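Subject: Structure handover

Hello,

Please find the structure below. My notes on it follow.

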Amino acid sequence: MLPFDQLEADSVAQLAFTVATPSALYGLLAQHPSVAAFKTALGTRTIDADDVLQRVRVWLGDFVPRIRFRHEAALCALVVAVESHGSKQIGEFIEELASLHVAELSMASRVARIANKRRKATLSANTAVIVKLGNVPSRTGGPRQDQVPSRVLIPNSFTSARVA
Amino acid sequence: MALRLEYFVVAEGVAVDQLTNQVSLFNVLEEIKAPAFPALVHKAVAHGLWVIQNDLDIGTEHQVLLIIRLPDRAEHRLTTNFTVTHRRHRVTQLIEGIPLSTEGTLEFEVLLDGQHAARHLVDVERPPAIDGQAPTAT
């Protein structure tokens, strides 16, 4: 069974039907074998962030206002499965879902809020800038080799091995 | 200080794994041997990890100032602004083309919101002469 299909398994759907609070559902999903299998697939790069977002788009294609969203249980499980994924797109997806206040996705958005909070507590944010101080010559027109500093350098403290 | 600096280091390269968000630093700069002057350090990465002291700091804005002091006492100031969104926040400043005109100490000082936080010093040297010969002058 494919990782996405596992998230739509009956055992996942039953959890979503029987558990009333998002924190309890989150906790149970975090231990669910389907979620574990999905995490493994992510870790081995069998599926990536684009696959995840593509599948979410497919699921949301079935969204009908005022009718229970049929993929909500799978969406909850997906959020738990991708919570610790480092990519920016996944972060934005969880953030957006967490910010929703839609009745048809109420459980998924509340699970996403828990996942989002945990994500911000465990993953580091990144800010990066690039600054040019001097003109870096191109490889073809670079400086003479004797003008390029060499990397350094372990002190010359090796001793030769003695063969008995 | 609202944020605590967990570590600050200057290296030649940095990589952040898109899957795990783990950071790797390559070739931490400790010493640069320039065969002759002027010389150029093609790339250096100043990398620091800031950690919030409490959740109330989420959403606050901060400024990291990196001061690069060259061995010839020239000084460059680079500012980076960021808003705290996570408990830990990495700030990476990639500097291209650091000119070195003489030997001495290359200093990277980092300040948060104007307050000194850390310093990374790199020795810039000319390699010792071989067989009593002086290094080639430029």
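Which side chains meet in a salt bridge with 3.5 Å from N to O? They are those of B:Asp17 and A:Arg45. A salt bridge here is a side-chain nitrogen of Lys or Arg within 4 Å of a carboxyl oxygen of Asp or Glu. Across the interface of chain B and chain A, the rule finds one salt bridge.

First, the ground rules. This is a predicted model, in which local features need pLDDT of at least 70, side-chain atom pairs count only at pLDDT 80 or more, and totals for chains, interfaces and linings use all residues. Residues are numbered from 1 along each chain as its sequence is written, chains are lettered from A and ligands numbered from 1 in the order in which they are written, and side-chain values use heavy atoms, with hydrogens and water left out.

Now the interface. Chain B gives 42 residues to the contact and chain A gives 34 residues (contact means heavy atoms within 4.5 Å). The area buried between the two chains is about 3,300 Å². Carbon and sulfur atoms give 54% of that area. Buried area is the accessible area (1.4 Å probe) that two parts lose on being put together, summed over both. B:Leu19, B:His86 and B:Glu96 supply 20% of what chain B buries against chain A, more than any other three residues.

Next, the helices of chain A. Helices are DSSP runs of H or I with at least four residues; strands are runs of E with at least two; both are numbered from the N terminus. Helix α6 (residues 72-82) and helix α7 (residues 88-99) of chain A have axes that come within 11 Å and cross at roughly 135°. Axes are lines fitted to C-alpha atoms, for helices over the stretch in contact, and angles run from 0 to 180 degrees between N-to-C directions. That makes α6(A) oblique to α7(A). Oblique is what remains after roughly parallel (under 35 degrees), roughly antiparallel (over 145) and roughly perpendicular (65 to 115). On the α6(A) side, the contact is made by A:Leu75, A:Leu78, A:Val79 and A:Val82. On the α7(A) side, A:Ile90, A:Phe93, A:Ile94 and A:Leu97 make it.

Helix α4 (residues 33-43) of chain A packs on α6(A) at about 50°, with axes 9 Å apart. α4(A) and α6(A) are therefore oblique to each other.

Last, two loops in chain B. The peptide bond from B:Phe37 to B:Pro38 is cis, with omega near 0°. B:Pro38 lies in the loop between β3 (31-33) and β4 (39-52). B:Asn21 has phi near 65°, a positive value in a residue other than glycine. B:Asn21 sits in the loop between β1 (3-16) and β2 (23-28).

Best wishes
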